[in-house]
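I open this notebook to record what I looked up in the structure. The entries run from the overall fold to single residues.

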Amino acid sequence: MGGRSMRRVFQKINLLEWVVLALTLVFVLGTLLWFRISQPEAGVTMVTVEDTGREISAPEKPDAPGILEGELLNLNTASPEDLTRLPGIGEKKAAAIVAWREENGPFRTVDDVISVSGIGEKILSDIRPYVTV
């Protein structure tokens with residue numbers, strides 16, 4: 001389009017159409033700004049300062065990409081496939097958990113899982129946020 005054609009297009013837009021275009025532009029820019037501001041940065045760690053002045057990082061949950069937010073797996077009913085979704089639990093440890101509960105009955109507490117061969121304090125602390133009995 002040449003300069004004269006564009007001029008004709010702009011002359012044909014009435015006042016109401018200009019207002020609608022302006023409001024649409026404001027809405028789009030506001031929405032983009034709102035999404036930019038409201039989205040948290042990935043990997044942000046909360047830091048608190050005590051009266052002593054030293055900084056303490058909030059504990060972070062270990063990575064559990066297979067677990068949905070807020071989901072808890074029941075150690076007494078979870079299948080081996082479900083158990084492998086827990087951090088640090090592979091096929092062998094999942095099978096060992098299932099074998100232990102079949103041999104010894106249901107776990108009474110989450111801490112009882114430490115009785116399973118191959119499960120130590122580290123793995124227990126990693127899976128604790130994601131399991132129940």
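Predicted model: local features only at pLDDT ≥ 70, side-chain atom pairs only at ≥ 80, totals over all residues.

Entry one, overall fold. I counted the secondary structure of the protein and found 5 helices and 4 strands.

I looked up the accessible surface of the protein, which comes to about 10300 Å². Carbon and sulfur atoms hold 59% of that surface. I then looked up burial: of the 133 residues in the protein, 19% are buried.

I took the contacts in the protein with a separation of 6 or more and asked what share joins residues 24 or more positions apart. That share is 41%.

The largest nonpolar core here has 20 residues, and L83, L86, I89, I97 and V113 touch the most other members. The elements that give two or more residues to this core are α4 (91-104) and α5.

I placed E121 in helix α5, which covers residues 121-127. Is E121 buried or exposed? I recorded E121 as exposed, because its relative accessible area is 57% and exposed means over 50%. I also checked E121 against D111: the two are 10 residues apart in sequence, and their C-alpha atoms are 9.2 Å apart in space.

Definitions and conventions
Residues numbered from 1 in each chain as written. Heavy atoms only, no water. Buried < 20%, exposed > 50% of the residue type's maximum accessible area, 1.4 Å probe, protein only. Contact = heavy atoms within 4.5 Å. Areas by Shrake-Rupley, 256 points an atom, 1.4 Å probe, with all protein chains shown as cover. Core = buried A, V, L, I, M, F, W, Y, C linked by side-chain atoms within 4.5 Å.
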